[in-house]
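Look through the sequence and the 3D structure shown here before reading on. The report below can be followed with both in view.

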Amino acid sequence: MNAPVLAVLGGGTLGQAVAKVAQAGGAKVRVWTRTPEARASLAETLSDVELAESVETAAREAQVVAFCVPASALRHVARQYGEVATGDQFVLHAVRGACPGADFILPHRVLREETCVRKIGVLGGPLYAPELQSNRPVAAVLASRFDETYEVVQRITANTPVRVHRSRDVVGVEVAGALSNVSALAVGMVEALELGDMARGVVLTQGLIEAARVGVALGAQPETFSGLAGVGDLIPRHVTSTERHYELGRALAEGTTLAHALRDMGKEVEGVLTAERVVAFAAHSHFEPVLCQAVHGVCAGTREAGEALEAVLTADLELGRGVMWS
Amino acid sequence: MVMRPEDKSRILTEVQSRVVEEKVRLAQDHGQPLDEVLADSIYHERRRLSDDRNSSSKDELEFWRDAQRQLVRTNERQQKELLARIVQRYALEICGNFDERVYKLATRVGPPSLGVLLNSVSPLRLATRFSSLPSLDDAVIIQGAAEQLRRLHELGTVILAPTHVSNLDSIVMGFSVYRMGLPPVLYGAGLNLFSNRMIGFFMRNLGAYTVDRRKKDPLYKRVLKEYATLTLELGYDNLFFPGGTRCRSGAVERKLKLGLMGASIPAYINNLRAGAKRPKIFIVPATLSFQLALEAETLVDDFLKEVGKSRYIITDDEFSQPRTVFDFASQLLQLDSRIYLTLSQALDPFGNPVDDHGESLDPHGRSIDIARYVTVKGEPRILPQRDEEYTREVGQRIAEAYARDNVVQSTHVLARAVFTLLRLRNPQVDLVRLLRVGGHYEDMELREVYHEVGRLQDELRGLSGRGGVRLGETVQTGTAEDVVADGLRHFDSFHSKPACQRRGDRMFATDRNLLFYYQNRLEGYRLNRHHRLPPALTADHRSLRGDA
């Protein structure tokens with residue numbers, strides 16, 4: 001059987017890790033990255049990988065296309081991919097956060113709005129790029145409405161340490177991933193303010209409750225949040241995007257402004273926009289996302305981290321059964 | 001062109017061979033033994049027949065008893081033969097008794113129009129009163145993508161997918177198809193519709209085939225789907241009601257059962273494999289909007305029954321009483337009422353919009369090669385899980401089209417306003433209680449109603465300007481007073497009790513259930529936010545919200 005062709009769009013840490021795993025699994029890998037400089041440096045790190053100059057060249061007639069780009073770049077890259085996308089392609093993404101736009105826009109919606117593809121798979125759970133690059137076991141969730149997507153990913157990862165767990169809940173896995181980044185921002189603040197492990201636990205629990213409420217309002221299954229994509233993602237302390245979110249949370253709690261902190265980090269921190277979008281999304285319901293409100297307030301510079309976290313720590317943690325109005 | 005006689009026999013043979021081959025293959029490769037399939041059929045049919053003891057069921061019962069006797073001592077070959085006999089029996093029952101002479105007569109004298117309808121329900125009344133009635137021609141307004149529908153009919157096979165409120169829908173659809181200059185479409189009509197002998201006669205001969213929804217046997221459903229698939233492959237345009245059954249709540253359907261819609265993908269794949277000249281299947285959502293619904297009282301009553309007690313098939317409703325149908329039709333037409341049929345942009349079987357040339361488009365208007373959606377290792381192939389998912393997507397797109405192309409009329413706005421005010425005046429009473437036993441207050445000031453109607457009109461005009469809904473003439477251009485007067489005139493005309501009534505300068509909610517039914521047509525548009533009232537229905541519009 002011919003080796004499947006996998007296009008990796010984005011040459012960052014995750015993109016490189018995905019490329020290595022796919023290669024180890026026997027796929028023929030093409031990688032596109034945005035700048036010629038990044039391409040040159042990739043040529044040194046990744047051997048036997050075809051480096052494409054454009055999104056179209058990388059993705060044309062590939063069997064699987066993996067988006068490893070930040071949420072803010074997703075639409076732009078997806079639009080270019082849309083020029084060559086075909087209905088038989090499998091599209092994976094590991095974007096954790098709301099995408100820019102007027103509403104609470106999830107990544108799969110962007111892919112649908114920009115391309116003709118249907119077979120979308122969302123990678124979630126405790127994905128950690130350095131783990132992917134090493135040979136240690138990695139567990140991830142793949143959510144797709146199509147059994148075929150799971151089967152193709154399973155074939156590619158069969159001889160690698162990556163264990164993929166199957167889910168059908170595309171919305172749930174995306175929301176869980178997005179909100180875990182908001183929680184990570186808050187945990188960074190908790191640590192900077194030395195509030196202790198109990199506070200950390202409360203923040204993570206509240207984050208999970210909010211994820212479930214928002215997710216269910218958007219059509220997710222509540223069980224997803226108690227599985228690997230929800231609770232399972234919060235237990236390991238180092239998940240793909242967690243570190244930069246911790247780092248930003250810390251900086252904000254220590255009084256740095258968002259603009260300065262982001263400039264110093266030089267990386268995208270999706271949790272900032274996600275928190276803002278959740279607050280706007282919940283505005284017309286009876287549900288108060290206190291954690292997202294706190295994080296958003298601190299990011300926007302309208303609240304002090306200490307006061308904002310106090311509101312989270314004293315909030316009623318009861319997991320309500322009601323669903324937000326949609 | 002309804003069904004060519006040679007196609008009918010071809011379909012019967014082909015349905016039989018495909019379904020039998022599939023079951024034999026499943027028995028060999030997937031461990032689903034034939035005797036289990038047969039036992040399942042016998043069980044379901046005998047159970048159904050034990051509840052239905054009319055004269056024709058005796059023959060049927062004999063058939064199934066005999067089948068059971070045979071099953072006990074059969075080998076594999078005999079099981080296959082028995083399966084073939086059952087499949088043939090089902091297929092024959094489903095297939096309409098097409099008679100070309102009747103078809104010619106029917107098409108020469110006219111479409112299944114109001115004349116036919118009234119003639120069939122009451123020839124005597126027709127003779128005395130029909131001459132004074134306005135015609136259905138003036139009452140039905142066909143709007144939207146009618147021209148596209150005509151073109152797509154030439155380029156492939158069309159599935160019309162209308163909303164389903166009343167049994168009259170099929171008659172209005174039949175009439176509209178004729179008026180658009182298209183040949184009659186095939187459609188699966190519930191067995192109960194054939195109980196009116198004249199309507200049944202015409203329906204059978206104008207393309208309807210029988211669907212017996214009492215039959216729970218999975219094999220029957222399989223035969224039905226294969227029948228629909230084959231008619232599509234042979235180029236017969238079809239009409240499927242994706243909601244499955246008439247909508248009980250009165251709301252625009254949001255969660256669709258889809259059923260036969262799933263035939264579109266296998267039909268397309270089979271066409272590709274056979275190298276058909278016009279392999280494409282186009283799905284055209286069609287939204288019907290009436291001021292009044294014939295069966296409103298029965299349907300809402302059924303909706304409000306406790307969960308699990310509602311009936312999937314209703315046989316004793318207003319439609320079963322010819323006089324009621326006659327009164328409804330004549331009153332509706334005398335009121336100068338409009339029935340809107342809005343045809344939405346066509347979709348392919350994967351949920352993409354289709355242009356006038358039959359090309360599927362991506363969200364940026366780029367042309368898509370849809371064969372790739374069903375390609376596996378270079379060949380078109382049926383994959384049930386994947387295809388089901390595509391069909392689910394089509395269902396979502398159809399539901400969105402229904403919401404956009406629903407035409408809001410005076411009765412809906414008036415009912416919405418009065419029902420909202422009723423809820424606001426009884427804040428301590430939950431919705432279930434309000435509907436079952438009523439609140440403390442049943443009336444309100446007329447000026448409050450005018451104010452709320454005016455507010456709703458403003459909101460609806462904004463929504464309609466953004467393409468979110470369509471408005472009937474009075475709602476669009478009339479004043480709040482016009483809308484209230486038009487709504488009251490309609491409510492007063494037909495139902496045993498009007499939904500609401502004006503007495504002096506007050507408005508009375510005289511039938512809360514009917515108000516609820518008509519106001520539900522505006523559910524799902526987020527119109528309650530102004531009053532911070534939760535929606536009355538769950539997001540799928542299939543049940544009452546517990547916390548409302």
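The structure is a predicted model.

**The sheet in chain A**

Chain A has an open sheet of 8 strands, and the pairing in this sheet is mixed. The strands follow the order β3-β2-β1-β4-β5-β6-β7-β8. At the edges lie β3 (50–52) and β8 (162–167) of chain A, each of which pairs on one side only. From one strand to the next, the twist averages 25°.

Helix α5 (residues 107–114) of chain A packs on this sheet and touches β4, β5 and β6 (119–124) of chain A. The direction of helix α5 makes about 145° with that of β5(A).

Strands of a sheet pair through backbone hydrogen bonds, and the pairing can be parallel or antiparallel. In chain A, strand β4 (residues 64–67) and strand β5 (residues 90–93) run parallel and are joined by 4 bridges. Within this pair, V64(A) stands opposite F90(A) in β5(A).

**Where the chains meet**

The size of an interface is often given as the accessible area lost when the parts come together. Here chain B and chain A bury about 2300 Å² between them, and 46% of that area is on carbon and sulfur atoms. The contact takes 24 residues from chain A and 27 residues from chain B. On the chain B side, R366(B), R372(B) and Q385(B) lose the most area to chain A, and together they account for 27% of what that side buries.

There are 6 salt bridges across the interface of chain B and chain A. A salt bridge also joins the side chains of E393(B) and R112(A), at 2.5 Å from N to O.

**Inside chain B**

Chain B has 22 helices and 16 strands. Of its 548 residues, 59% count as buried. Among contacts in chain B between residues at least 6 apart in sequence, 73% join residues at least 24 apart.

Which helix holds D387(B)? D387(B) lies in helix α16 (residues 384–405) of chain B. With its neighbours within four places in sequence left aside, D387(B) is in contact with I265(B), I269(B) and I382(B). D387(B) and S264(B) are 123 residues apart in sequence, but their C-alpha atoms are 9.5 Å apart in space.

Strand β3 (residues 186–190) of chain B is largely enclosed by the rest of the structure, because 4 of its 5 residues are buried. This strand, β3(B), pairs in the parallel sense with strand β5 (residues 238–239) of chain B over 2 bridges. Here Y187(B) stands opposite L239(B) in β5(B).

Technical notes. Residues are numbered from 1 along each chain as its sequence is written. Chains are lettered from A and ligands numbered from 1 in the order in which they are written. This is a predicted model: local features need pLDDT of at least 70, side-chain atom pairs count only at pLDDT 80 or more; totals for chains, interfaces and linings use all residues. Side-chain values use heavy atoms; hydrogens and water are left out. Two strands pair if DSSP finds at least two bridges between them. Axes are lines fitted to C-alpha atoms, for helices over the stretch in contact, and angles run from 0 to 180 degrees between N-to-C directions. Contact means heavy atoms within 4.5 Å. Buried area is the accessible area (1.4 Å probe) that two parts lose on being put together, summed over both. A salt bridge is a side-chain nitrogen of Lys or Arg within 4 Å of a carboxyl oxygen of Asp or Glu. Buried means under 20% relative accessible area, exposed over 50%, partly exposed in between (1.4 Å probe, protein chains only).
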